[in-house]
Structure formats: structure tokens, C-alpha cells
Amino acid sequence: MFVRILFLALIFTQCTTSTKTTTNQPAEDSASYMRYIPGAGGGKGIIFTVPLKNPSKTLLINRFLINGIEVPAKIENNLIIASVFYADREPTVENPNPEPMDPVLFNENTFEAVIYYSNDGVNDSLRVTNFTEEKQPLYP
């Protein structure tokens with residue numbers, strides 16, 4: 001019995017994944033977010049930005065999770081940008097008083113992101129916990 005347990009422990013300790021931990025993270029460990037309300041058309045949203053410190057043409061964002069919710073992300077101007085929009089639901093004949101979308105992330109006050117990425121064929125992840133809020137600019 002002891003030999004079986006030792007054998008299983010040896011097998012599990014030898015298992016590896018294709019994800020490697022790198023010391024040269026491509027993004028900063030601090031980021032910002034901005035809540036916005038667009039005005040005409042209704043709804044509301046939130047934008048997350050994470051500055052890149054080591055931009056690379058081979059960097060790909062595979063997943064961007066914020067507080068456990070996956071949000072679409074892209075790389076633009078040396079920033080990782082992820083955003084989510086909660087639209088107001090339009091009344092219809094079948095549903096004249098629709099329930100609004102639950103703006104889960106819009107109502108949060110603290111954020112933690114886990115960014116899964118690949119760079120030069122190596123898969124890795126980055127945790128970002130230091131988010132600061134930016135105010136929505138006022139337009140006339």
C-alpha cells in the first residue's frame with residue numbers, strides 16, 4: 001500500500017503543464033478603470049486599462065478575467081484594454097417593462113484581474129490587484 005501511494009505521489013509531482021512562470025511580465029501590476037454612462041441610448045459600462053511595460057508583437061491576450069468574470073480584451077497603444085457594456089433593454093410588445101441587465105462589475109468597488117496571455121509561444125498569467133479609478137471626462 002505504501003509503495004502505491006509513493007508511486008502515485010511521484011507521478012503527480014512529475015506532471016507539468018505548458019504554462020511557464022516568467023519573471024519578465026509584459027504588463028504593470030497596477031492598472032486603472034473608468035465607469036461611464038454614454039448618455040443618449042442609455043446603458044452604462046466600465047473600461048479597464050493595464051499598461052504594458054514590455055510590449056511585444058507576439059503578445060496575445062487569451063483571457064481577461066476581472067473578479068472572475070471574463071471580459072473581452074485587446075492590445076492598443078501599449079495598453080491592454082478590456083471593457084464591458086450593460087445596455088438598457090428596449091421595451092417590446094411581448095415585454096413592455098423589461099428587467100434591466102445586472103451590471104455586476106459596474107457596481108463593484110474593488111477589482112482583481114487575471115490576464116492569461118501567450119508571448120513567443122509561452123503561456124503565462126498575470127494577476128493585477130492595484131486598480132485606481134479614473135473619472136469620466138465631462139463633455140458639453
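**View 1. Arg35 and Glu133 form a salt bridge in this predicted model.** The closest N and O atoms of the pair are 3.1 Å apart; a salt bridge here is a side-chain nitrogen of Lys or Arg within 4 Å of a carboxyl oxygen of Asp or Glu. Arg35 sits in strand 1 and Glu133 in strand 9 (residues 130-134), so the contact ties together parts that are 98 residues apart in sequence. Arg35 is buried, at 16% relative accessible area, while Glu133, at 37%, counts as partly exposed. For these labels, buried means under 20% relative accessible area, exposed over 50%, and partly exposed in between (1.4 Å probe, protein chains only). This is a predicted model, so to speak of local features we need pLDDT of at least 70, side-chain atom pairs count only at pLDDT 80 or more, and totals for chains, interfaces and linings use all residues. Residues are numbered from 1 along each chain as its sequence is written, and side-chain values use heavy atoms, with hydrogens and water left out.

View 2. A search of the whole structure turns up 4 salt bridges. Glu70 is partly exposed at 47% relative accessibility, and Arg63 is partly exposed at 37%. Glu112 is another partly exposed residue, at 34%.

**View 3. An open sheet of 4 strands runs in the order 4-3-7-8.** The pairing is antiparallel; two strands pair if DSSP finds at least two bridges between them. Strands (E, at least two residues) and helices (H or I, at least four) are DSSP runs, numbered from the N terminus. Strand 4 (69-70) and strand 8 (122-128) stand at the edges with a single partner strand each, so one side of each has no neighbour in the sheet. Strand 3 (residues 60-66) is joined to strand 4 by 2 bridges, and Ile66 has Ile69 of strand 4 as its bridge partner.

**View 4. The largest nonpolar core has 25 residues.** Such a core is a set of buried Ala, Val, Leu, Ile, Met, Phe, Trp, Tyr and Cys residues joined through side-chain atoms within 4.5 Å. Phe48, Phe64, Ile66, Leu105 and Phe131 touch the most other members. Elements giving two or more residues include strand 1 (30-36), strand 2 (44-51) and strand 7 (113-119), and strand 6 gives the most, with 4. Leaving aside neighbours within four places in sequence, the contacts of Leu105 (heavy atoms within 4.5 Å) include Ile46, Phe48, Ile66, Val84, Tyr86 and Phe111.

**View 5. Helix 1 (residues 2-14) is where confidence is lowest.** The mean there is 43, against 95 in strand 3, where confidence is highest; pLDDT is the predictor's confidence in each residue, from 0 to 100. Over residues 2-23 the pLDDT is below 50, and beyond near neighbours in sequence this stretch has 10 contacts in the model. For the protein, the mean pLDDT is 78, and 76% of residues reach 70 or more.
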